[in-house]
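Here are my notes for your first read of this model. Keep the sequence and the picture open side by side as you go through the points.

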Amino acid sequence: MMPSEGIQRPLVGIVNDDEDESPLDEVLERVGGLGETVNRAISTIVAVDFFVVLFFLGWLVVSVGYQFAVCGELTSPEAMDAGAAVCKNPVYESWYALWTPVVQPLLGILFLGTIAQATINGIGGVGKEDDRR
């Protein structure tokens, strides 16, 4: 036995026999799993937020229907000149009271969540051209 054989023998056990997997691939797989978890959480938030926004849209449609049914029209030229509504619309007034504190942040969450999902999917799919087909 030559001295170099004794040194190389222990190194053979250290070298990974499976050349396809490296420690970097393992780390990327863990990070990819975290990205998938974050993507799933954002997806759930966006889905719930979307249906809440649809509820508020339905509420607005009901208020417009109420305005047509009770008042006969949305506004009249005389009322617009005077700056007063033709008749009171409590459905619209309650919806409008929630427009700034509730509906606008919900729309912001919906847009940001959609952009975040697209970004995460874009970053996560950089090396996965086969999965895009």
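1. What share of the residues of the chain count as buried? Of the 133 residues, 14% do. Buried means under 20% relative accessible area, exposed means over 50%, and partly exposed lies in between (1.4 Å probe, protein chains only).

2. A word on the source. This is a predicted model, where local features need pLDDT of at least 70 and side-chain atom pairs count only at pLDDT 80 or more, while totals for chains, interfaces and linings use all residues. Residues are numbered from 1 along each chain as its sequence is written, and side-chain values use heavy atoms, with hydrogens and water left out.

3. Now the overall layout. The chain has five helices and zero strands. Its pattern along the sequence is α-α-α-α-α. Helices (H or I, at least four residues) and strands (E, at least two) are DSSP runs, numbered from the N terminus.

4. Next, the contacts and the surface. Take contacts in the chain between residues at least 6 apart in sequence: 68% of them join residues at least 24 apart. Contact means heavy atoms within 4.5 Å. The accessible surface of the chain is about 10,400 Å², and 67% of that belongs to carbon and sulfur atoms. Such areas come from the Shrake-Rupley method with a 1.4 Å probe; for residues, only the protein chains shown count as cover.

5. Look at the core. The largest nonpolar core has eight residues: Ile42, Val46, Val53, Phe56, Trp95, Val103, Leu106 and Leu110. Helices α2 and α5 each supply at least two residues of this core. The most comes from α2, with four residues. A nonpolar core is a set of buried Ala, Val, Leu, Ile, Met, Phe, Trp, Tyr and Cys residues joined through side-chain atoms within 4.5 Å.

6. Follow α5, residues 99–124. This helix has 26 residues and reaches 36 Å from its first C-alpha to its last, close to the 38 Å expected at 1.5 Å a residue. The expected span is 1.5 Å times one less than the number of residues. Buried residues in α5 include Val103, Leu106, Leu110, Gly113 and Gln117. Leaving aside neighbours within four places in sequence, Leu110 is in contact with Val46, Asp49, Phe50 and Val53.

7. Is Phe51 buried or exposed? Phe51 is exposed, at a relative accessible area of 56%. Phe51 sits in α2, residues 23–71. With Phe50, Leu54, Leu57 and Val61, Phe51 makes a nonpolar surface patch of about 490 Å². Patches are made of residues with over 30% relative accessible area and no salt bridge: like charges are joined within 9 Å, nonpolar side chains (Val, Leu, Ile, Met, Phe, Trp, Tyr) within 5 Å. A salt bridge is a side-chain nitrogen of Lys or Arg within 4 Å of a carboxyl oxygen of Asp or Glu.

8. Phe50 is also in α2. At 38% relative accessibility, Phe50 counts as partly exposed. The C-alpha atoms of Phe50 and Leu106 are 8.4 Å apart, although 56 residues separate the two along the chain.

9. Finish with Ser63, in helix α2. Ser63 is buried, with a relative accessible area of 1%. Which residues is Ser63 in contact with, leaving aside its neighbours within four places in sequence? They are Asn89, Val91 and Tyr92.
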